[in-house]
Amino acid sequence: MNYPNSFTLKLARVGIAGTLALILATSPLANMGVIAAEAVPSLVSTKMHNTQKDSLEHAPIQYQIQARLNEKDMTIQGSEKVTYRNTSKDTLQQLVLHTYADANLSKSTQANMFQQNNEKISEDHPEKTAEDFLGGIDIQAVTADSQSLDFHKENQALTVQLKEPVKPGESVVFQLEFHLNIPYGSQRVSYYKDIINGAHWFPVMSVYDEVKHQWNKAPYSRTFESDYYTSSDFEVQLNVPDDYQVAMPGAITTQDSSEHGRKIVSAVAENTREFVFFASPNLQVERATRNGLTVEYYYYNDDPSKKKIVDRYINQAFKVIDFYSEKYGKYPYPEFRIVETYVQGVAVEYARLIQMGQIHDSAVPEEDTTFVHEIAHQWFHALIGNNSETESFLDEGFADFSMVYFAEKQGDKLNGFRSIQFDTAPVDMAIASTNDEAGDLAGLVYYQKGRQAIYQLYRSVGEEKFDELMRTYFKRYVYQNATIEGLLQTIEDVLGKEVRTEMQTALYQPDFVLKPEFQLSQEETAAYVHDILQAQYQAVMGMIPDLPYEVMNRLMDKVLQGEELTIVLSDQASKLATKQQEDMVNQLTGFLDMTGMRYDIIRDRKELKQKMKKEIGNSNLIVIGNAKSNGLVQALKFNIIDRTKLTGFSWKNTMNQPLAAGAYVIKHPYNQNRLMLHYFWNEDHLSDAAFEAFKLKIQESIGFTNDFYQYYVLDNQGKEKSDKKVANPISSLFAE
């Protein structure tokens, strides 16, 4: 799962107003009984392939599933045959399966990472009731050798009582009949518009812990992820309408159904961590095959130019997979699939397949770090599994480090190792925390600090030994479930006990920070923040082709690109007004200093006169103070009035309004290639209430996450009463 996991994305979330703070601190029914098997109408009539003998040598669990998608009422009727081999040393009297689809029985148990999406969907579709966003799975029968088995379903766990115990090394075969109600919206199993997201759509075997002598019965986490499975062999036949395109892991084949207008889409996927599907009548597919690997991209062709971007994404996927195959271990499957859906703000990893949001014509696949992160999960989740409820660091930490590792080796200086080295703030929590312990800090703990601990290991031992460690770790745990203890033991075996101890301390002690010798210097930090902000401003402002030249945010963009900046203060102000001006300047220069931006400050009229022609004429300007007491405004008053006419700002009327304050931006009074931004107030000084609001507005007005102002006017309480601005296409993402 992708969360904002780089400093770039952090800046995008907090905006300029929060960037200062970020830089300084640095840095989301019980059911008991036995019922008769209900006939599954119109299910696949063809025989499933009998590969049990061969596949048992590969995976301890086999699933043979026949299911019918009822698209009219959005349900699935399914029949599931499970062959389970007991690989533990315990004799098992019962089996446990997860029914994660039951997380949708109520809003209180649904994953809150999709809550915001669902709320937006609900607003756009008022005809949908709260019940439409709920669903769940009904277990209709469980049998073995044609005999009914007792079962109990509670809190997303299905417990099956066996007639005969299963001894170590023995296998048991049982059958389930189930009925799934698919919720509307954006959950992992859901339908929205013309697509069905099919994760958690059938009961899946829990993992048995032979140390604790118990099955994992934890419900799916509301705050993070609980993906903990045994790699298994799947044979799935899904009956769908003829016009549906279906994406699943494994080798996919299609045949006609006995029902008119329907078809059967089958998939065989061996040694696969989990089995999901996505189905829609409007998905198109582009594919390419290189060196025995086929990459497929399922997408909505709403723009003729989209195919070119999809082709670039496919090319990028090959590049990323090749990199991780070389560094960690070869990607063993013959296919990899990407599916475009309507999810927003997150991307989701599955075995042999990832789910992405909608891509646009402005997308740059080579700069899409989320895409790289999700592909890394094929190694750290799909191939090397782990309990992501209790040890999320093992998948998210390694996936995020791998994302940065790839960027670094591609020469990406924004998303490479500098993004890890920048983080110098401790977190009062261990990286090895569970999901419950991490809570809302999961992204910071697992992604930011997790990848940082791995980077420190990388730097401590060097790239060659680090890569050797990772290849050993992969060989040891491919198709298995790893643990932090297993990782530490591998580190000890390959790199020695001292390195193990250091890594163990990094993971289990709170307040981890990177060793000073691996951090950025003060100069390197300023250069990095400068580069990040420069890229962000250019990217966001480039989203509006017709954005006016005279917007406040552009002044910061120009200075980030190396243009000069001069800050001019009123020099005939009272002591209180002078103090307020200095507070504003300190706020601005504190940020400018941390980003390495150059500036000059003029505080008296004599210096102003000396620099008026040459320096000021070539510089962008930020002017602060009452227009009547600022020497620059008075000297260029008539030019300023003429320039404000171009933006519609009534300069004379506004400057004569009692108690008014605000800001406006114009082209430089005598240099049309530069900008002048004036933060003004009409009284001697601002009231206390207005002063705090005024300072906050300064930060908002030049941030790349806020709307693009040409001017705004505030009342004596600092509340905005008039403005002219252009909507920022990303500002809604940061409203909270």
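Is Gln 561 buried, partly exposed or exposed? At 46% relative accessibility, Gln 561 counts as partly exposed. Keep in mind that this is a predicted model.

Gln 561 sits in the loop between helix H14 (552–560) and strand S25 (565–569). Set aside its neighbours within four places in sequence, and Gln 561 is in contact with Gln 534 and Gln 538. Now take Ala 382. Gln 561 and Ala 382 are 179 residues apart in sequence. In space, C-alpha to C-alpha, they are 43 Å apart.

Next, helix packing. Two packed helices are described by the angle between their axes and the distance between the axes.

Start with H11 and H12. Helix H11 covers residues 484–495, and helix H12 covers residues 497–508. The axes of H11 and H12 are 7 Å apart, and the packing angle is about 150 degrees. That angle makes H11 roughly antiparallel to H12; the cut-off for that label is over 145. The crossing of H11 and H12 is right-handed. Who makes the contact? From H11 come Ile 484, Glu 485, Leu 488, Gln 489, Ile 491, Glu 492 and Leu 495. From H12 come Lys 497, Val 499, Arg 500, Met 503, Gln 504, Leu 507 and Tyr 508. By class, the residues of the H11–H12 contact are eight nonpolar, two polar and four charged.

Helix H9 runs over residues 442–461. The axes of H9 and H12 come within 10 Å and cross at roughly 160 degrees. H9 and H12 are therefore roughly antiparallel to each other. Here too the handedness is given: H9 passes H12 in a right-handed crossing. On the H9 side, the contact uses Ala 453, Ile 454, Gln 456, Leu 457, Ser 460 and Val 461. On the H12 side, Val 499, Glu 502, Met 503, Ala 506 and Leu 507 meet them. The H9–H12 contact residues divide into eight nonpolar, two polar and one charged.

Look at H12 across the two contacts. Val 499, Met 503 and Leu 507 are among the residues that meet H9, and Val 499, Met 503 and Leu 507 are also among those that meet H11. As a reminder, an α-helix has 3.6 residues a turn, so residues three or four places apart point the same way.

On to helix H18, residues 637–645. Which residues of H18 are buried? They are Ile 640, Ile 641, Arg 643 and Thr 644. Seen down the axis of H18, these buried residues fall within an arc of 165 degrees, so they line one face of the helix. Phe 638 and Lys 645 are exposed on the other side of H18. What covers the buried residues of H18? The cover includes two helices, H17 (631–635) and H19 (651–655). It also includes two strands, S28 (661–668) and S29 (671–681).

Another residue to check is Lys 611. Lys 611 lies in helix H16, residues 605–611. Is Lys 611 buried or exposed? Lys 611 counts as buried, because its relative accessibility is 18% and the cut-off is under 20%. Not counting residues up to four places away in sequence, Lys 611 touches Asp 600, Ile 602 and Ile 616.

Now Ser 190. Ser 190 is in strand S10, residues 189–192. Its relative accessible area is 0%, so Ser 190 is buried. Beyond its neighbours within four places in sequence, Ser 190 is in contact with Ile 182, Pro 183, Gly 185, Ile 195, Ile 196 and Asn 197. Ser 419 is 229 residues from Ser 190 in sequence, and their C-alpha atoms are 35 Å apart.

Glu 154 next. Glu 154 belongs to strand S7, residues 151–154. Glu 154 is partly exposed, at 44% relative accessible area. Lys 217 is 63 residues from Glu 154 along the chain, and their C-alpha atoms are separated by 9.4 Å.

Last, backbone angles. Met 74 is not a glycine, yet has a positive phi of about 50 degrees. Met 74 is in the loop between strand S2 (61–70) and strand S3 (75–85). Met 74 counts as buried, at 13% relative accessibility. Arg 352 also has a positive phi, near 65 degrees. Arg 352 lies in the loop between strand S23 (348–350) and strand S24 (353–356). At 4% relative accessibility, Arg 352 counts as buried.

Terms used. Residues numbered from 1 in each chain as written. Predicted model: local features only at pLDDT ≥ 70, side-chain atom pairs only at ≥ 80, totals over all residues. Heavy atoms only, no water. Axes fitted to C-alpha atoms, helices over the stretch in contact; angles between N-to-C directions. Helix = DSSP H or I, 4+ residues; strand = E, 2+ residues; numbered from the N terminus. Parallel < 35°, antiparallel > 145°, perpendicular 65-115°, else oblique. Left-handed = near helix turned anticlockwise from the far one by under 90°. Contact = heavy atoms within 4.5 Å. Nonpolar A, V, L, I, M, F, W, Y, C, P; charged D, E, K, R; others polar. Buried < 20%, exposed > 50% of the residue type's maximum accessible area, 1.4 Å probe, protein only. Arc of directions from axis to C-beta.
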